[in-house]
Amino acid sequence: MRKLAFLAATVVCLSAPSMAADFTVTPVYSHLGTADFDGASGDVKTSSYGLVGNNDFLTLGYTKTEYDFSNRPDVDMNKVFADLRYTKVNPGTLGYFVGGGLAFGWEDDFHPSENYSITPRAGLNYDFGNEWRITGGLSMNINEIENYFQPILMVHYRSPDALGFSGVFGTQNHAQYRFTNAMALEGTVRGIDRDIYQLSDDKSKHGSAAEGYLMERSISASAGVVFNPLDALTLRAGVEARFDRELKLYDKDGNKLGKQDIDPSYGLYINGSLSF
């Protein structure tokens with residue numbers, strides 16, 4: 001509970017500016033086709049859908065991810081999440097950023113003191129004043145099974161609203177070329193993603209992993225088209241791939257029971273955003 005209290009304090013500190021900017025609502029959908037297990041029999045395909053709302057300071061969302069296994073029980077995982085952040089940019093000198101996220105992932109049984117992930121982060125930025133900015137810092141994920149640190153190092157070039165080329169490069173990568181105000185092409189390569197879910201209490205389904213955890217780790221890449229038919233409406237569609245993908249299984253005490261590597265997975269994504 002001390003960990004949850006820490007995140008709550010971060011929320012209070014950052015919530016003041018979060019209502020100032022326009023809010024965008026985005027239904028999301030993605031599907032990854034069948035991918036074989038590496039070095040073992042069986043395969044898995046994955047579908048994910050949900051709803052995300054955000055502005056410059058605040059993100060709120062819910063997603064459901066369906067894992068369809070060929071040789072073991074299927075699982076449907078839920079996640080609710082919130083993230084607060086604030087960035088101060090000072091052209092020609094140092095600025096800073098600070099943020100914090102809180103997520104809960106579960107299959108059937110919601111135990112907030114067990115299925116949480118807390119992600120505080122902070123760092124510095126330097127704006128060169130000629131459409132270039134560099135950001136560096138550190139993020140940490142605090143959870144019940146495997147705490148870890150992640151460095152943050154990114155170079156930003158121009159705004160995605162600008163015509164022509166823009167992008168962010170580093171630990172997260174997003175490049176875009178905007179042909180007109182209404183159309184652009186985009187490509188994204190994300191660093192290591194980790195999704196953590198608590199499994200059902202049902203021992204007949206999960207055996208020694210009941211009340212335990214499933215972690216998916218992967219690196220993802222995508223490419224697609226962006227349409228802006230109206231100032232307040234953005235539509236995206238494209239193809240997606242996940243590499244270096246693995247599933248880890250833990251018991252309820254956080255002890256690792258096993259790991260399964262998965263061959264590269266390919267699929268598609270579709271989403272649309274409406275700003276208010």
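Q: Buried means under 20% relative accessible area, exposed over 50%, and partly exposed in between (1.4 Å probe, protein chains only). Is Glu-146 buried or partly exposed?
A: Glu-146 counts as partly exposed because its relative accessibility is 23%. This is a predicted model, in which local features need pLDDT of at least 70, side-chain atom pairs count only at pLDDT 80 or more, and totals for chains, interfaces and linings use all residues. Residues are numbered from 1 along each chain as its sequence is written, and side-chain values use heavy atoms, with hydrogens and water left out.

Q: Which residue meets Glu-146 in a salt bridge at 3.7 Å, N to O?
A: Side chains of opposite charge can pair when their charged atoms come close. The rule for a salt bridge is a side-chain nitrogen of Lys or Arg within 4 Å of a carboxyl oxygen of Asp or Glu. The partner of Glu-146 is Lys-248, at 3.7 Å from N to O. Strands (E, at least two residues), like helices (H or I, at least four), are DSSP runs numbered from the N terminus. Lys-248 counts as buried because its relative accessibility is 12%.

Q: Which residues are linked with Glu-146 in a network of salt bridges?
A: The network joins Glu-146 to Glu-246, Lys-248 and Lys-259. Within it, Glu-246 and Lys-248 form a salt bridge at 3.7 Å, N to O, and both of these residues are buried.

Q: How many salt bridges are there by this rule?
A: The count is 15.

Q: With which residue does Arg-245 form a salt bridge?
A: The partner is Glu-216, and the closest N and O atoms are 2.7 Å apart. Arg-245 lies in strand S13 and Glu-216 in strand S12 (residues 213-230), so the pair ties together parts 29 residues apart in sequence. Both Arg-245 and Glu-216 are buried.

Q: Where is Glu-240, and which residues is it in contact with?
A: Glu-240 is in strand S13, residues 233-250. Contact means heavy atoms within 4.5 Å. Leaving aside neighbours within four places in sequence, the contacts of Glu-240 include Ser-30, Leu-32, Ser-220, Tyr-266 and Tyr-269. Glu-240 counts as buried because its relative accessibility is 12%.

Q: How many residues has the largest nonpolar core?
A: A nonpolar core is a set of buried Ala, Val, Leu, Ile, Met, Phe, Trp, Tyr and Cys residues joined through side-chain atoms within 4.5 Å. The largest one has 13 residues, and those with the most contacts inside it are Val-44, Tyr-67, Phe-69, Met-77, Leu-214, Leu-247 and Ile-262. Strand S3 (58-69) and strand S4 (75-88) are the elements that give two or more residues to this core. Not counting residues up to four places away in sequence, Leu-247 touches residues including Tyr-67, Phe-69, Leu-214 and Ile-262.

Q: In which sense do strand S1 and strand S15 pair?
A: Two strands pair if DSSP finds at least two bridges between them. S1 (residues 24-36) and S15 (residues 265-275) are antiparallel, with 7 bridges. Tyr-29 has Ile-270 in S15 as its bridge partner. S1 also runs antiparallel to strand S2 (residues 43-54), with 11 bridges, and Asp-36 is bridged to Asp-43 in S2. S1 and S2 form a hairpin with 6 residues between them, and Gly-39 in the turn has a positive phi of about 80°.

Q: How many aromatic pairs does the structure hold?
A: Rings of Phe, Tyr and Trp (its six-membered ring) pair if their centres lie within 6.5 Å; planes under 30 degrees apart count as stacked, over 60 as edge-to-face and the rest as tilted. The structure holds 12 such pairs. One of them, Tyr-86 with Tyr-96, is tilted, at 6.2 Å centre to centre and 55° between the planes. Tyr-86 is in strand S4 and Tyr-96 in strand S5 (residues 94-106), 10 residues apart. Phe-104 and Phe-110 form an edge-to-face pair, at 5.5 Å and 75°.

Q: Which residue has its charged end over the ring of Tyr-148?
A: A charge sits over a ring if NZ of Lys or CZ of Arg is within 6 Å of the ring centre and within 35 degrees of the ring normal. Arg-194 is placed this way over Tyr-148, 4.0 Å from the ring centre. Arg-72 lies over the face of Phe-69, at 5.5 Å from the ring centre.
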